[in-house]
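Please keep the sequence and the model open beside the text while reading.

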Amino acid sequence: MLQNDGMVTLVTPRLILRRWREEDVAPMAAVNADPEVMRWIRDGSVRDEEQTRAGIEAWESEWESRGFGLFAVETRATGELAGFTGLSVPHFLPEVLPAVEAGWRLGRSHWGKGLATEAAAAAVRFGFEECGLERIVSIAQVGNDASERIMTRLGMRPVRETVNPTCGRRVRVFALSADQYVTATR
């Protein structure tokens, strides 16, 4: 982990997880404009560049107020923005609060390579080891088997199935405690 002027950067074998820059807006908007990428996000609606910019601004604000947030995920080999991973408060699902969620979204060209797992594992490690979190959840719509496989690889286990009140879709909540994390990483 590197820290420059309060900015956290995590480096994994293939990725750099860093704070957001202006030049990330357009490539992240391209990710958010792909209906297949957005299929399992809320009601499945795509997002345009203006909505993407507003999202990035909100994520950066969360960094400032909480000391954690969603990282821009850059591939080390090419410097390309792959998407995001990181930690956020899942306000959209009040029944699990207080909670911190590990989440991710990568462009389709980065799927199937283990990059989401690599990035999310670094974010979970950051949450437990640097932020001192006691528990991290992850939430996926029922049917999003790829995300559930990532959650399982992270050591998370399903704890609840419910409905996302913002869109009416069924979701599964997975969780990992700090104690479980420490036991698994020994």
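## The loop between β5 and β6

F92 is found in the loop that runs between β5 and β6, where helices (H or I, at least four residues) and strands (E, at least two) are DSSP runs numbered from the N terminus. The model is a predicted one, in which local features need pLDDT of at least 70 and side-chain atom pairs count only at pLDDT 80 or more, while totals for chains, interfaces and linings use all residues. Residues are numbered from 1 along each chain as its sequence is written, and side-chain values use heavy atoms, with hydrogens and water left out.

With a relative accessible area of 17%, F92 is buried; buried means under 20% relative accessible area, exposed means over 50%, and partly exposed lies in between, with a 1.4 Å probe and protein chains only. When residues up to four places away in sequence are not counted, F92 touches R42, E101, I139, N164, P165 and T166, contact being defined as heavy atoms within 4.5 Å. The C-alpha atoms of F92 and V73 are separated by 23 Å, and these two residues are 19 residues apart along the chain.

## Other residues of this loop

V89 also lies in the loop between β5 and β6, and at 14% relative accessibility V89 counts as buried. Leaving aside neighbours within four places in sequence, V89 is in contact with E62, R66, F68, L97 and A99.

E95 has its place in the loop between β5 and β6, and with a relative accessible area of 41% E95 is partly exposed. Not counting residues up to four places away in sequence, E95 touches R160, T162 and V163, whereas the C-alpha atoms of E95 and L17, 78 residues apart along the chain, are separated by 30 Å. P98, too, is found in the loop between β5 (81–88) and β6 (101–106), and the peptide bond that joins L97 and P98 is cis, with omega about 0 degrees.

R42, which is among the residues touched by F92, has its place in the loop between α2 (35–38) and α3. Phi of R42 is near 45 degrees, a positive value in a residue other than glycine, and R42 is partly exposed, with a relative accessible area of 36%.

T78 lies in the loop between β4 (70–75) and β5, and with a relative accessible area of 60% T78 is exposed.

## Helices α1 and α3

Two packed helices are described by the angle between their axes and the distance between the axes. The axes of helix α1 (residues 25–32) and helix α3 (residues 49–66) come within 9 Å and cross at roughly 115 degrees, which makes α1 roughly perpendicular to α3. Axes are lines fitted to C-alpha atoms, for helices over the stretch in contact, and angles run from 0 to 180 degrees between N-to-C directions; angles under 35 degrees count as roughly parallel, over 145 as roughly antiparallel, 65 to 115 as roughly perpendicular and the rest as oblique.

The crossing of α1 and α3 is right-handed, meaning that the near helix is turned clockwise from the far one by less than a right angle. On the α1 side the contact is made by V25, A26, M28, A29 and N32, and on the α3 side by E49, T52, R53 and I56. Five of the residues in this contact are nonpolar, two are polar and two are charged; Ala, Val, Leu, Ile, Met, Phe, Trp, Tyr, Cys and Pro count as nonpolar, Asp, Glu, Lys and Arg as charged, and the others, Gly among them, as polar.

## Helix α5 and the cysteines

S147 has its place in helix α5 (residues 145–153), and at 13% relative accessibility S147 counts as buried. Not counting residues up to four places away in sequence, S147 touches W104 and A140.

The structure holds zero disulfides, a disulfide being a pair of cysteine sulfur atoms within 2.5 Å. C131 counts as partly exposed at 28% relative accessibility, and C167 counts as partly exposed at 23%.
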